[in-house]
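Biologist: Please take a close look at one helix packing in this model and describe its geometry and its contacts.

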Amino acid sequence: MRRILITGGTGFVGSYLIRFLKSFDAKLIVVSSGDATFQEPGVVYCKADIRNSNDIGAVVLAANPNQIYHLAGVSSAAASWNNPRLTFDVNVIGSYNVFEAAMRLPSPPRILNVSTSQVYARSDAALTEISPLDPDNPYAATKAMAELLVVQYHKSQYRKPMKGGIITARAFNHTGPGQLPSFVLPSFAKQLAEMEAGLRPPVLRVGNIDVKRDFTDVQDVVVAYYELLEKGKIGEIYNVCSGRAVLLADLVRELQKDCSATVKIEVDPARLRPSEVPQTVGDPGKIQRMTGWSPQIPLESTLKDLLAYWRTRIKREVAEDNDAPTGIPHASSD
């Protein structure tokens, strides 16, 4: 039975990855920095801070995995500006600790290092794995640094004539039910669901929606990660993307089609980013040639799933609020 270690497995993508991997004959060990609020049956959960080399080293040694999906990290550009030092400690030092512990095992595992398309320099053309890099926020910069850690295990004394080593996935935008509303499409879907429920005025607050982005459904992304860890070449980098640039304004209109509320769109200055990149789109040719992977879920279906998720969640939260105690004090016995 394969032993698979997943760092950051209680996060958005990790939760989907666990459900996907459960269909295979494997022992799954999930590492998170906090307590898991929900635990999948049959999965082993461990609490460890990847910034602490002793903590993560002990977990990796005990698990002795054949494969590692390294998902843990600060994953928001906005959050990285608020705390650049934490972002560096988690994304760079934490990644080093994971890689170092894994590559010191007698039989080093295959490791998928999940990076981001934000490491690339802005370009109107489709980005390939050899396109210039120019990260413009602490999150992207730390992900680029973590990518460079791979070289010491590819060319140093740690290299062994085995199948172990590190493969890097540069993920472009991906979304689906369960993603935090601090991300753009869940933000739109949540606002629209709240309008339908009468919880907010029919005004959709947006940032710059005249930009194009490359979106993939999270369910397709976890399949890509699996295929890369199975078939990818050690030391190589692969884009995980659809190859299609979509205007955010068009996605807003697509969401509005399924919304019963009549909505006015209003730009919120707080949601605008300085030096917004007009277009980001990736070239998925390399991963397709190596693994045969390509996205299967239409973006229109993903948008419907997002709206349905937020409708259900908001309906449940309203019901819970209605069932909550009224707060009327009991008579005092004093």
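**Packing of helix 2 and helix 4**

Modeller: Helix 2 (residues 53-63) packs with helix 4 (residues 84-103) at about 40°, their axes 9 Å apart. Axes are lines fitted to C-alpha atoms over the stretch in contact, with angles from 0 to 180 degrees between N-to-C directions; helices are DSSP runs (H or I, at least four residues) numbered from the N terminus. The model is predicted, with local features needing pLDDT of at least 70 and side-chain atom pairs pLDDT 80 or more, while totals for chains, interfaces and linings use all residues. Numbering starts from 1 along each chain as its sequence is written, and side-chain values use heavy atoms, without hydrogens and water.

From helix 2, Ser 53, Ile 56, Gly 57 and Val 60 meet Asn 97, Val 98, Ala 101 and Ala 102 of helix 4, contact being heavy atoms within 4.5 Å. These residues comprise 5 nonpolar, 3 polar and no charged (Ala, Val, Leu, Ile, Met, Phe, Trp, Tyr, Cys and Pro are nonpolar, Asp, Glu, Lys and Arg charged, the others, including Gly, polar).

As for confidence, the chain has a mean pLDDT of 92, with 94% of its residues at 70 or more (pLDDT is the predictor's confidence in each residue, from 0 to 100). Over residues 328-334 pLDDT stays under 50, and the model has 0 contacts there beyond four places in sequence.

Key
Helix = DSSP H or I, 4+ residues; strand = E, 2+ residues; numbered from the N terminus.
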